[in-house]
Protein chains: 2
Amino acid sequence: MSVNGATTSGELRAHNRVRLLRAVHDCGARHTRSQLTRDLRLARGTASVLVAGLAEERLLHEEPAPEHVRGRPTQIPGPHPDGPIALAVDVREDAWELAACELGGRVTVLGVRPHDGTPEGALALLGEAVAAHRARLGHRVVGLGVALAGPVRHGGLVDIAHLGWRSVDVPHLLGGAAPSPLIVGNDTAFAALAEARRGRLRGVRVGLHLHVDFDLGGVLVVDGHPLGGATGVGAEFGHMPLTGSGRPCLCGAIGCWGMDVGANALLRHVGLAYGGGRGREQAEHVLATSEQAVAANAGALGRGIAALVNAHDPEVVTLSGHGPELRERAGEALLGACEPVLMAIRRERPPRIESSALGWRGSLLGAMESVFDAFLTTEGLELWRKSHPDQARDTPDAQSVTHSTPARERPV
Amino acid sequence: MSVNGATTSGELRAHNRVRLLRAVHDCGARHTRSQLTRDLRLARGTASVLVAGLAEERLLHEEPAPEHVRGRPTQIPGPHPDGPIALAVDVREDAWELAACELGGRVTVLGVRPHDGTPEGALALLGEAVAAHRARLGHRVVGLGVALAGPVRHGGLVDIAHLGWRSVDVPHLLGGAAPSPLIVGNDTAFAALAEARRGRLRGVRVGLHLHVDFDLGGVLVVDGHPLGGATGVGAEFGHMPLTGSGRPCLCGAIGCWGMDVGANALLRHVGLAYGGGRGREQAEHVLATSEQAVAANAGALGRGIAALVNAHDPEVVTLSGHGPELRERAGEALLGACEPVLMAIRRERPPRIESSALGWRGSLLGAMESVFDAFLTTEGLELWRKSHPDQARDTPDAQSVTHSTPARERPV
DNA sequence: AGGCTTTTGTTCACGACTAGAGCATAAACT
DNA sequence: AGTTTATGCTCTAGTCGTGAACAAAAGCCT
């Protein structure tokens with residue numbers, strides 16, 4: 001769905017440029033040029049022309065492969081030292097983390113800051129930091145992805161019920177200096193996107209990703225795309241009444257599954273105050289010590305998973321955030337609660353339940369991927385070409401290739 | 001996602017052939033050639049070559065447009081009188097209906113037969129009917145789509161809990177004479193597919209389709225594709241515990257939503273026997289007379305819809321089968337049950353709830369669409385070309401065009 | 001009725017693209 | 001040091017879509 005087909009000769013070239021660049025990005029800039037040529041079913045001559053063009057436009061930069069078996073040594077195309085950079089930020093209930101990402105997925109953390117949970121407190125300093133880094137990096141910045149712990153509507157309006165955020169206009173609060181495109185999305189959807197690209201959902205046709213933080217988020221991943229497109233209003237499995245509790249949820253509905261899973265539920269189970277994005281340490285303490293609270297949490301998680309497995313039949317269920325720890329500490333409670341809710345035909349071949357390969361980094365990485373998804377299109381590359389008219393200005397090719405600093409050791 | 005992009009000049013031509021043919025199919029063979037040329041952004045010359053090629057391969061056949069405004073009159077490309085035919089069958093709990101479909105979607109019903117609800121009873125005669133029609137139509141048959149009222153696993157294994165079908169091997173029971181490809185799918189998923197192509201979900205990014213028959217089926221439609229791909233094991237929203245009843249379901253799970261919605265639920269509500277695919281007339285009588293049973297059914301439908309709207313935020317919810325009648329007879333009960341389960345942010349802009357545009361025909365039409373989806377690909381057209389080597393064997397072009405019977409008045 | 005206008009179908013020269021073969025290159029192997 | 005092997009580069013051939021010029025067929029106007 002994402003990559004549309006070419007219909008003219010011109011679009012054909014553009015399309016192959018995108019395919020090559022995406023292949024480099026998706027493999028983490030680890031495949032050799034000859035490998036890529038084979039994978040993409042290109043003629044060696046075609047690959048030659050494409051790589052040369054992309055290198056001249058500062059999109060790719062080739063380096064010698066560290067080892068070979070025989071024959072003429074091949075090169076590894078990776079990010080250009082002056083190439084595109086995606087900014088990504090993960091805004092949690094109590095802190096945010098900002099990072100710069102190169103093509104291929106290398107992440108450089110630019111800053112981490114706690115905040116007070118209010119919209120202004122969370123986003124004002126962030127906007128300044130983004131503006132500063134953008135000024136420093138210039139035209140290299142090709143977009144900003146923002147992960148947030150609540151439903152995101154079109155235009156970047158965000159609601160986080162347990163923080164009291166009501167239709168918070170994120171683009172506005174970030175100020176006018178935010179780069180374009182500005183992609184605001186749900187943290188769970190982003191985590192799922194990252195899992196689909198670089199984690200345990202890679203190559204999986206239908207997967208289910210669940211992100212457990214203060215709240216519970218869940219989203220279906222189909223053919224590498226989280227449902228609701230990572231910018232939409234999906235990813236809200238946490239607000240389905242799957243566990244049969246009639247408790248009113250802060251979102252305004254009744255009986256939401258998310259009431260029984262996550263840090264807030266742990267705190268409530270032991271009688272502590274919860275909500276407002278406070279109490280991460282206490283929750284982690286409960287998680288580490290209270291067998292009973294953990295079992296209740298894991299059981300509720302299992303019942304909901306079973307319901308979703310019935311409906312969607314995923315091949316794999318992945319857990320991130322506190323999910324992996326719940327599974328390790330109370331795996332039997334989880335699976336035991338699953339069983340009775342499963343359809344008989346699902347019990348024969350239940351999906352694997354796995355812990356995320358990316359841990360707490362998923363949301364940030366997904367925000368990055370969404371920026372590169374927008375960039376790695378015919379339109380995105382056309383924009384880059386236009387904003388970099390001075391392709392080969394001063395140095396001959398041989399010199400620039402030989403003397404430039406290798407991409408992956410260079411600070412961003 | 002379905003149509004992959006071309007990478008060589010040759011694939012480019014194949015890709016444009018598919019695009020043109022699909023455009024003809026999707027518009028119901030009602031658009032003129034000049035309209036199609038504009039819609040697909042083709043040069044007139046290119047369209048000329050493409051249409052001529054497709055006509056020579058017996059895929060298209062042009063007829064004069066009935067009316068014009070001014071200028072040279074244009075033609076309307078439609079199905080070729082010897083063109084491809086998709087066979088489609090809707091197998092319900094108590095009867096099946098077989099049809100032949102031309103490119104563009106014109107349906108000719110070939111037969112309707114009640115059966116006894118056993119796998120053999122349902123499928124043996126059907127297999128014979130398919131084989132007979134296939135022999136008659138020869139190479140024109142490009143596939144068979146089979147809609148069934150239960151979960152379908154890969155390979156065509158079907159379970160229908162309330163009929164006692166356990167891993168019924170549909171391809172095997174249909175016998176060896178079934179055409180290829182043989183696409184076995186869930187009736188709800190097919191109905192949703194048809195709704196997405198020719199009904200109220202056309203052009204909708206995220207839609208939810210619910211099919212109410214004896215049982216309840218539900219599936220999400222994203223960008224024109226039902227989740228689980230119309231042949232998968234999705235489309236089972238009916239087996240999520242959304243209504244909070246702890247009743248054991250025949251599927252082996254507990255508290256399934258589908259226990260409370262549909263003909264079986266209506267019969268149970270008034271104390272009649274249910275299950276086994278019997279009692280369609282009684283259920284319709286209950287539906288027409290028992291206010292209370294209908295309200296209970298509609299309320300359960302509404303509660304489940306709200307839960308799914310929370311999770312997926314569809315733009316439109318469409319109902320087929322008995323759904324439209326439930327909505328007409330007890331719309332307030334339905335919406336009233338929806339309200340408290342909805343998240344506050346969903347209440348502001350709730351999705352439209354609409355009745356299907358295709359009625360009970362949806363599953364059959366969806367089965368057809370799935371066959372044409374497989375045919376309208378570069379591979380499918382290549383196979384057709386190979387199996388029809390005698391392209392222009394006896395008659396000059398002018399004569400064959402002038403004298404051949406118009407496609408849409410010709411019996412199949 | 002006859003000429004003009006409008007729209008569409010057809011043909012062809014042109015530019016852009018990829019495939020594939022032949023050659024050059026650079027390493028490992030013998 | 002020569003051979004083998006795999007890769008990169010260059011050039012020709014074939015295919016495709018474009019767009020302009022031309023032909024065709026209808027409605028419109030006088």
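Trainee: Why does A:Ser167 count as exposed?

Mentor: A residue is called exposed if 12 or fewer other C-beta atoms, placed from the backbone, lie within 10 Å of its own, buried if there are 20 or more, and partly exposed in between. A:Ser167 has 11 C-beta neighbours inside 10 Å, and therefore counts as exposed. Keep in mind that this is a predicted model, in which local features need pLDDT of at least 70 and side-chain atom pairs count only at pLDDT 80 or more, while totals for chains, interfaces and linings use all residues. Residues are numbered from 1 along each chain as its sequence is written, and chains are lettered from A and ligands numbered from 1 in the order in which they are written.

Trainee: What is noted about the phi of A:Ser167, and where does this residue lie?

Mentor: Its phi is positive, about 50 degrees, although A:Ser167 is not a glycine, and the residue belongs to strand β9 of chain A. Strands here are DSSP runs of E with at least two residues, helices are runs of H or I with at least four, and both are numbered from the N terminus. Most residues other than glycine have a negative phi, and most peptide bonds are trans.

Trainee: Is B:Asp313 buried or exposed?

Mentor: B:Asp313 has 24 other C-beta atoms within 10 Å, so it is buried. Its phi is also positive, near 50 degrees, and B:Asp313 sits in the loop between α9 and β14 (316-321) of chain B.

Trainee: Which residues does a cis peptide bond join in chain A, and which in chain B?

Mentor: In chain A the bond joins A:Ser180 and A:Pro181, with omega about 0 degrees, and in chain B it joins B:Ser180 and B:Pro181, with omega about -5 degrees. A:Pro181 is in the loop between α5 (170-174) and β10 (182-186) of chain A, and B:Pro181 is in the loop between α5 (170-174) and β10 (182-186) of chain B.

Trainee: What makes strand β2 of chain B mostly covered?

Mentor: Four of the five residues of β2 (75-79) of chain B are buried. Five bridges join β2(B) to strand β1 (residues 60-64) of chain B, and these strands run antiparallel; B:His61, for example, has B:Gly78 as its bridge partner.

Trainee: How do you know how the two copies are related?

Mentor: The copies are superposed by least squares on the C-alpha atoms of residues with pLDDT of at least 70 in both. Chain A can be laid on chain B with an RMSD of 0.1 Å by a turn of 180 degrees and a shift of 0.0 Å along the axis. The two copies are thus related as by a two-fold rotation axis.

Trainee: Why is it said that the copies meet through the same surface?

Mentor: Residues are in contact if their C-beta atoms, placed from the backbone, lie within 7 Å. The interface residues of chain A are, to 100%, also interface residues in chain B, so the copies meet through the same surface. The contact takes 41 residues from chain A and 41 residues from chain B, and α9(A) gives the largest share of the chain A side, four residues.

Trainee: Which residues come nearest to DNA strand C?

Mentor: A residue is near a strand if its C-beta atom, placed from the backbone, lies within 6 Å of it. Of the 29 residues around DNA strand C, A:Ala43, A:Gly45, B:Gly45, B:Gly71 and B:Arg72 come nearest, and α1(A) gives the most to this surface, with five residues. Around DNA strand D there are 28 residues, the closest being A:Gly45, A:Gly71, A:Arg72, B:Ala43 and B:Gly45, and there the largest share, five residues, comes from α1(B).

Terms used:
Two residues are in contact if their C-beta atoms, placed from the backbone, lie within 7 Å. Two strands pair if DSSP finds at least two bridges between them.
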